[in-house]
Amino acid sequence: MQSLDAAFRLLPVLQGEWHDKRTPESPRLTMADNVTEPQHQVRPCPSLRLAVPDMDSLMFDRRGAISQEPFVWDSVASASIKAIQARYAMLPYWLTLFAEASQYGM
Amino acid sequence: MSGSGIDGPKMSKNSGYIYIADTLPSPPVRALFYEFDDPSLYSNDVQFLVGSSVLVTSVLQPNESTTTGIFPSADGTTWTDWWTHQKVDTSKSDNVTLDLPLGEIGVHVRSGSVLLLHADPGYTLTETREGGYEVLVVLDGKGYAEGTAKVDDGVSLPGMRTATFKTLLPPWYTLWSGLSGLEVPVSHLKTLTAVSVGDQTCLNFTATNFSCLNSSPTGSYNLQQPLTKITILGVTSQPSGASLNGQDVSGVEYKAETEEVVLSGLNGDLNQAWELKWW
């Protein structure tokens, strides 16, 4: 019975309400807010924010962010092509190393 | 046998551990001190070797376009840039600063090595594999180089051992052996065997005396793609002619700046032994 009681007390935390109370500067968004700019996603666990402070800059899939594929920029595209071609050319060498490691490796 | 563990850093081609280095290979990606017997390399955590022949040096600091790496040259080793085929100048010091703007990676090939490559990297791996092969030779100071390449179909398992696993014993095994005290005949046990055991061919390349490159294949895998290009780096004088298996080769190109001989437009069969000579 005691553990069930604790679980009910934790319920608002699991739902994210506790986090909202602690950080009123990032209110929970609703569909009616009609957001056009990128917004901080409300995370229910405050410890995540402490552990990964730069998480927001790593989230490319949120609203308003530009796409991050290598072909978006010419410089990144040409660098990728150059590196991938070198890697493809060296494949027989890599396969030799893997074969040796797999058959006779320590 | 002292080849592993504490003697690991000594397993270099050049320090008398040839047998061990050949029979118990190091990991595919290794640190520099695996190949060069120099305690100052123990702290090098910015470079790595792919196999024994390719050294990768990359810029690890943000907003920088140069990086300093160690290019060991004590035993006469030289390093040639993968992209430009220029030799790294280690005459003053082994610590060399490379100019690597954004998008460039430092890749250098060790002297004395022969690499089998895909000649025409394509858009996909299938296209790449359907193209021909290239042999890249980087001669050392004595005109010698060696290398092996193991080629198979890339799918089948090469020579997997037949093994018996306890989980594959028949369900009546415990009851049978418990009651009778007899072993189950081996022929009644299920064994795990490879579904298909693939063929493999090992190509052994040797270049000698600034004048000769040999290939001797062993194994039963049939390479379908031809040898279309041979690049030899470290040839100090322009050759006046070249022959492949005794037949003269016409398209010999020499670049004096990079000491490079390029034979392109070949149609060689890698399944047969061949010999390239130039003079």
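B:Thr57 belongs to strand β3 of chain B, residues 54–57; helices (H or I, at least four residues) and strands (E, at least two) are DSSP runs, numbered from the N terminus. With a relative accessible area of 1%, B:Thr57 is buried, a word that stands for under 20% relative accessible area, while exposed stands for over 50% and partly exposed for what lies in between (1.4 Å probe, protein chains only).

Once its neighbours within four places in sequence are left aside, B:Thr57 is in contact with B:Gln47, B:Thr67, B:Gly69, B:Phe71, B:Leu98, B:Leu100, B:Ile105 and B:Gly106, contact meaning heavy atoms within 4.5 Å.

## Basis of the values

The model is predicted, so that local features need pLDDT of at least 70 and side-chain atom pairs count only at pLDDT 80 or more, whereas totals for chains, interfaces and linings use all residues. Residues are numbered from 1 along each chain as its sequence is written, chains are lettered from A and ligands numbered from 1 in the order in which they are written, and side-chain values use heavy atoms, with hydrogens and water left out.

## Chain B as a whole

Chain B has 3 helices and 20 strands, and buried residues make up 42% of its 279 residues. Of the contacts in chain B with a separation of 6 or more, 63% are between residues 24 or more positions apart. The accessible surface of chain B comes to about 15200 Å², and 52% of this belongs to carbon and sulfur atoms; accessible areas come from the Shrake-Rupley method with a 1.4 Å probe, and for residues only the protein chains shown count as cover.

## Where chain B meets chain A

In the interface, 37 residues of chain B are in contact with 23 residues of chain A. The size of an interface is often given as the accessible area lost when the parts come together. Chain B and chain A bury about 2500 Å² between them, 70% of it on carbon and sulfur atoms, this buried area being the accessible area (1.4 Å probe) that two parts lose on being put together, summed over both.

Across this interface the rule finds 6 residue pairs in polar contact, with both residues at pLDDT 80 or more. The elements that give two or more residues to the side of chain B that touches chain A are β1 (29–30), β8 (113–118), α2 (125–130) and β10 (145–152) of chain B, and the largest share, 4 residues, comes from β8(B). The residues of that side divide into 20 nonpolar, 13 polar and 4 charged; here Ala, Val, Leu, Ile, Met, Phe, Trp, Tyr, Cys and Pro count as nonpolar, Asp, Glu, Lys and Arg as charged, and the others, Gly among them, as polar.

## Salt bridges

Side chains of opposite charge can pair when their charged atoms come close. A search of the whole structure finds 5 salt bridges over all chains, a salt bridge being a side-chain nitrogen of Lys or Arg within 4 Å of a carboxyl oxygen of Asp or Glu. Between chain B and chain A the count is 1 salt bridge, and the side chains of B:Glu104 and A:Lys82 meet in a salt bridge at 3.1 Å, N to O. B:Glu104 lies in the loop between β6 (95–99) and β7 (106–110) of chain B and A:Lys82 in helix α5 (residues 74–89) of chain A, so the pair joins two chains. B:Glu104 is partly exposed, with a relative accessible area of 32%, and A:Lys82 counts as partly exposed at 28% relative accessibility.

Within chain B, B:Glu35 forms a salt bridge with B:Arg30, the closest N and O atoms being 2.6 Å apart, and both B:Glu35 and B:Arg30 are buried. The side chain of B:Glu35 also meets that of B:Arg110 in a salt bridge at 3.0 Å, N to O. Because B:Arg110 lies in strand β7 of chain B and B:Glu35 in the loop between β1 and β2 (47–50), this pair ties together parts that are 75 residues apart in sequence.

Methods: Polar contact = N/O pair within 3.5 Å; in protein donor to acceptor, adjacent residues only side chain to side chain.
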